[in-house]
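Please study the sequence and the structure shown here before reading the briefing.

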Amino acid sequence: MSERTLKDIQKEVDTYISQFKEGYFSPLAMLARMSEEVGELAREVNHTYGEKPKKSTEADNSIELELGDIMFITICFANSLGIDLTEAHDKIMHKFNTRDAGRWTKINTETT
């Protein structure tokens with residue numbers, strides 16, 4: 001599969017959603033959906049890394065698929081509000097690289 005930009009992925013999701021009369025859900029509905037998906041991710045993480053084993057009757061799912069669901073609803077949310085996620089990412093990275101520049105202990109990459 002070829003490399004795609006975040007802008008390409010946002011366009012792909014928009015093309016998919018645009019084929020339906022209903023279009024994007026309201027922001028409140030998408031926030032609720034996002035919350036549901038984060039809960040499903042939490043469940044999968046708990047099954048994989050926590051103390052709660054999955055029941056034999058529970059469907060197979062994965063952290064990867066749950067993260068994909070969160071990414072999809074995040075893109076839908078951004079598209080519906082006209083937010084360019086690449087720009088949002090750049091702004092957040094600038095914030096982390098300035099505000100949090102000295103917050104964490106950096107790995108020493110010097111060779112000795």
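The briefing below treats selected helices and one methionine in turn.

This is a predicted model, in which local features need pLDDT of at least 70 and side-chain atom pairs count only at pLDDT 80 or more, while totals for chains, interfaces and linings use all residues. Residues are numbered from 1 along each chain as its sequence is written, and side-chain values use heavy atoms, with hydrogens and water left out.

**Helix H1**
- Helix H1 covers residues 6-18, and its 13 residues should span 18 Å at 1.5 Å a residue, which agrees with the 18 Å between its end C-alpha atoms. Helices here are DSSP runs (H or I, at least four residues), numbered from the N terminus, and the expected span is 1.5 Å times one less than the number of residues.
- Ile9, Gln10, Val13 and Ile17 of H1 are buried (under 20% relative accessible area, with exposed over 50% and partly exposed in between, for a 1.4 Å probe and protein chains only).
- Viewed down the axis of H1, the buried residues fall within an arc of 100°, so they line one face of the helix; the arc is that of the directions from the helix axis to the C-beta atoms.
- Lys7, Lys11 and Ser18 are exposed on the other side of H1.
- The buried residues of H1 pack against helix H3 (63-81) and helix H4 (85-99), where contact means heavy atoms within 4.5 Å.

**Met71 in helix H3**
- Met71 lies in helix H3 and counts as partly exposed because its relative accessibility is 41%.
- Between Met71 and Met34 there are 9.2 Å in space, C-alpha to C-alpha, and the two are 37 residues apart in sequence.

**Helix H4**
- The 15 residues of H4 should span 21 Å at 1.5 Å a residue, and the end C-alpha atoms are 20 Å apart, which agrees.

Terms used
Helix = DSSP H or I, 4+ residues; strand = E, 2+ residues; numbered from the N terminus.
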